[in-house]
Amino acid sequence: MPMEFINQNILLISLVVVSGLSLLWPLFSRPSGNGVSPAEATQLINREDAHVLDVREVDEFAAGHLPDSVNIPVTKLAERVGELDKFKDKPVIVCCASGMRSSKACGELKKHGFDKLYNLSGGVDAWVGAGYPIKKGGKRK
């Protein structure tokens, strides 16, 4: 009898299993670095003098970035990580457009001995959506 039920409802059972696995996926695929909201990032900047690393491409950075952030595109991070050595013992908030590239960058920085890493959840898009200020133009390295 149970086999008959399974055979008759295989599609429904598959859907339940896939749905359950997709709900559990975030538990197993933790991004590198601690995720912080724009409000938490602001507190880190103000209270702990956190530095902001923007890993978007130069043109994205020029279109709008967090104040006082440093721009090193994630594609160049491995070769330019030495520029950040002075921040190794300080909190570093890593951001990109939505949080995906910054997660990858946090993993790279962790390999180079950075411990106090924070990934801006939702990236610059979330920052702007929360109504926080951005600066436009200029490329600050």
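Tyr132 is partly exposed in this predicted model, with a relative accessible area of 28%. A pair of aromatic rings is described by the distance of the centres and the angle of the planes. Trp127, in turn, is buried, with a relative accessible area of 5%.

The segment after helix H7 (123-129) also includes Lys136. Lys136 is exposed, at a relative accessible area of 63%. Beyond its neighbours within four places in sequence, Lys136 is in contact with Ala62, Ala63, Gly64 and His65. The C-alpha atom of Lys136 is also 7.8 Å from that of Phe61, although 75 residues separate the two along the chain.

The next topic is the fold as a whole. Contacts between residues 24 or more positions apart make up 71% of those with a separation of 6 or more. The protein contains seven helices and five strands, arranged along the sequence as α-α-β-α-β-α-β-α-β-α-β-α. Of its 141 residues, 34% count as buried. The accessible surface comes to about 8700 Å², and carbon and sulfur atoms account for 59% of this area.

One part of that surface is a nonpolar patch of about 550 Å², made by Met3, Phe5, Ile6, Ile10 and Leu11. Helices H1 (2-8) and H2 are the elements that each give two or more residues to the patch, and H1 gives the most, with three. Leu11 lies in helix H2. Leu11 counts as exposed because its relative accessibility of 72% is over the 50% cut-off.

The mean pLDDT of the protein is 87, and 89% of its residues reach 70 or more. Among the elements, strand E2 (residues 51-54) has the highest mean pLDDT, 97, whereas helix H2 (residues 10-28) has the lowest, 74. Where pLDDT is low, the predicted coordinates should not be read in detail.

Notes
Residues are numbered from 1 along each chain as its sequence is written. This is a predicted model: local features need pLDDT of at least 70, side-chain atom pairs count only at pLDDT 80 or more; totals for chains, interfaces and linings use all residues. Side-chain values use heavy atoms; hydrogens and water are left out. Buried means under 20% relative accessible area, exposed over 50%, partly exposed in between (1.4 Å probe, protein chains only). Helices (H or I, at least four residues) and strands (E, at least two) are DSSP runs, numbered from the N terminus. Contact means heavy atoms within 4.5 Å. Accessible areas come from the Shrake-Rupley method with a 1.4 Å probe; for residues, only the protein chains shown count as cover. pLDDT is the predictor's confidence in each residue, from 0 to 100. Patches are made of residues with over 30% relative accessible area and no salt bridge: like charges are joined within 9 Å, nonpolar side chains (Val, Leu, Ile, Met, Phe, Trp, Tyr) within 5 Å. A salt bridge is a side-chain nitrogen of Lys or Arg within 4 Å of a carboxyl oxygen of Asp or Glu.
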